[in-house]
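User: Could you walk me through how to read a few features of a protein model, giving the general idea before the particular case?

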Amino acid sequence: MATVEQQVNRDAHNGATPNGAAAGTDIPVENPATGQVVAHVPDLDAAAVAELAARARDAQPQWEAFGFDGRARILLRAQKWLIEHAERVIETIVSETGKTYEDAEFAEIAYAAGAFGFWAKNAPRYLADERVKSAQVLLKGKKLILRHRPLGLVGVIGPWNYPLTNSFGDCIPALAAGNSVILKPSEVTPLTSLLLAEGLRECGLPEGVFQVATGRGPTGAALTEQVDMIMFTGSTRTGRKVAAAAAERLIPCSLELGGKDPMIVLSDADLERAANVAVYYSMQNAGQTCISIERAYVEAPVYDEFVGKVSEKVRALRVGAPHGPGSVDVGAITFPPQLSTISEHVTEAVDKGARVLAGGKAVEGVGGRFYEPTVLVDVDHTMKIMTEETFGPTLPIMKVADAEEAVRLANESPYGLGASVFTKDTARGEQIARRLEAGAANVNDAVVNYTALELPMGGAKASGLGSRHGAGGIRKYCSQQAIVVTPRLAMKRELHMFPYKAKTTRMIARLFKLMYGRGDRD
Ligand code: NAD
């Protein structure tokens with residue numbers, strides 16, 4: 001059986017995508033851990049995207065007519081398919097991202113498998129018709145319904161750091177709601193999306209309901225021109241462009257953007273746990289996680305002990321090309337320019353007086369792209385490493401006098417994606433969490449809010465607009481329709497209708513007085 005890479009290569013060289021649309025030039029897909037090109041995919045132009053959109057629109061009514069049960073059956077088959085093909089999917093993710101086997105298994109397979117089941121089960125509940133009661137006298141006796149109906153064609157544009165979770169994952173609720181979906185994965189990591197399209201086809205998803213538009217930025221821009229709603233995950237810079245394009249067309253958009261997530265460690269924290277969480281969630285996926293811990297603020301009394309624990313644990317991490325489960329802890333830097341950003345942030349911090357306690361440079365002479373897991377101290381907010389998204393295996397730690405200073409510095413950022421606070425006094429931790437300007441705040445943990453599909457996950461400030469997960473995470477793929485049904489035996493003419501008569505008007509005014517004007521103003 002051909003691998004997805006071989007298939008993509010063949011299709012690309014035939015001048016057709018796996019969806020059958022005309023292709024432009026090819027995009028090489030590189031394994032960042034080895035530097036080798038593993039496949040080529042087509043770079044679709046606007047005309048090819050328009051063809052995909054036409055096919056998607058033809059297919060959507062049939063998919064909507066499947067109903068919640070019919071769609072859930074396909075999604076649950078896909079859940080089984082994913083687990084049965086987990087090795088192949090992990091191999092594909094690792095081949096295009098260079099991440100470790102575990103980063104693919106724990107943060108991608110686990111997420112998508114759970115999400116298929118979650119949306120299959122919860123879509124009917126979140127999107128059920130709601131019967132509404134109105135206080136409006138004129139509406140007494142009428143039936144009021146709030147209905148959620150699929151928008152039609154949803155475009156999903158994804159980044160390179162989690163090809164399954166962040167690109168494909170957002171397609172699942174859009175499909176569960178009854179939409180057709182076109183996914184534009186990152187040009188850096190398109191193979192996982194193509195493999196999932198193959199899986200969905202095998203599970204009986206009708207042709208045209210889910211398609212993958214491979215390509216670069218212009219392909220994403222072309223997709224935005226075709227769809228009824230755009231779900232974008234990526235950088236704040238591109239997010240602004242997508243929002244502007246969506247505004248021009250007056251279509252809704254949902255934006256999941258960059259972050260600079262702070263961690264606060266108070267002096268009563270369980271330091272061993274705080275250090276383990278800090279190391280794991282700053283270095284996992286080589287720090288290329290939107291909600292990874294990007295900076296830490298530690299109260300002075302426990303600063304030295306915390307820094308000592310973190311540095312020792314980071315020095316013990318094994319970095320390199322993954323060779324199956326358990327082979328390395330920290331994988332490759334997926335996106336070539338990212339290595340320069342990480343190096344630039346570390347170098348600038350050191351030039352301004354920061355000290356490196358672990359790592360501090362790119363790994364040389366290994367073929368792939370790697371950066372040493374790095375701990376920095378003596379840092380402050382004049383340094384990019386503390387203020388701009390680094391998106392690498394780095395943890396700068398800053399000493400603060402108290403919780404007040406920590407909260408002030410944590411909020412001193414244009415971003416507001418995630419945040420965390422560590423203390424044994426969980427009530428105080430919760431109070432501090434409420435003061436943090438972040439879409440999600442964890443007490444004594446980090447990142448795990450993402451796994452609660454019942455909770456909204458979205459950014460405050462420049463980290464995004466809207467959210468994924470929870471009721472809002474599927475309702476955004478629908479338009480709301482209000483339906484008002486007047487019963488068969490209604491009055492032939494309502495009181496307020498033509499012809500206007502002074503007597504009736506005065507009676508209605510008295511009624512308003514009775515309803516809204518009783519009592520004194522205080
Ligand atoms: P990016 O903004 O460079 O690209 C994201 C996607 O947008 C890619 O598919 C790209 O081809 C496409 N694109 C580029 N120009 C476009 C345009 N004009 N119109 C439409 N699409 C266009 O981001 P990236 O480097 O791939 O991803 C890393 C960023 O993603 C980081 O900032 C990270 O924090 C963020 N991210 C956020 C979340 C979240 O949930 N908030 C999750 C993962 C990643």
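This is a predicted model: local features need pLDDT of at least 70, side-chain atom pairs count only at pLDDT 80 or more; totals for chains, interfaces and linings use all residues.

User: Which residues of the largest nonpolar core touch the most other members?

Analyst: The general idea is that in soluble globular proteins nonpolar side chains tend to be buried together. Here the largest nonpolar core holds 124 residues, and those that touch the most other members are Phe210, Phe306, Val310 and Ile397. Helix H5, spanning residues 101-126, gives the most to this core, contributing 13 residues. Apart from it lies another core, of 20 residues, which includes Val49, Ala213, Phe232 and Ile251.

User: What does Ile397 touch, not counting residues up to four places away in sequence?

Analyst: With those residues not counted, the contacts of Ile397 include Phe306 and Val310, and among the others are Ala296, Tyr303, Leu376 and Asp378.

User: Which strands stand at the edges of the open sheet of three strands, and why is one side of each left without a neighbour?

Analyst: The strand order in this sheet is E3-E4-E20, and the pairing is antiparallel. Strands E3 (130-132) and E20 (478-485) stand at the edges, and because each has a single partner strand, one side of each is left without a neighbour in the sheet. Neighbouring strands are turned against each other by 25° on average, with direction ignored. Strand E4, residues 143-150, is joined to E20 by eight bridges, and Leu146 stands opposite Ala482 in E20.

User: How many salt bridges are there, and which parts of the chain does the pair of Arg475 and Glu130 link?

Analyst: The general idea is that side chains of opposite charge can pair when their charged atoms come close. Taking a nitrogen-to-oxygen distance within 4 Å as the cut-off, the count comes to 23 salt bridges. In one of them the side chains of Arg475 and Glu130 meet at 3.7 Å, N to O, and this pair links helix H17 (residues 472-475) with strand E3, the two residues being 345 residues apart. Arg475 counts as partly exposed at 31% relative accessibility, and Glu130 likewise counts as partly exposed at 30%.

User: Are Asp170 and Arg468 buried or exposed?

Analyst: Both Asp170 and Arg468 are buried, and the closest N and O atoms of their salt bridge are 2.9 Å apart. This pair also links distant parts of the chain, since both residues lie in loops and are 298 residues apart. Salt bridges that share partners join Asp170, Glu256 and Arg468 into one network.

Terms used. Residues are numbered from 1 along each chain as its sequence is written. Side-chain values use heavy atoms; hydrogens and water are left out. A nonpolar core is a set of buried Ala, Val, Leu, Ile, Met, Phe, Trp, Tyr and Cys residues joined through side-chain atoms within 4.5 Å. Buried means under 20% relative accessible area, exposed over 50%, partly exposed in between (1.4 Å probe, protein chains only). Helices (H or I, at least four residues) and strands (E, at least two) are DSSP runs, numbered from the N terminus. Contact means heavy atoms within 4.5 Å. Two strands pair if DSSP finds at least two bridges between them. Axes are lines fitted to C-alpha atoms, for helices over the stretch in contact, and angles run from 0 to 180 degrees between N-to-C directions.
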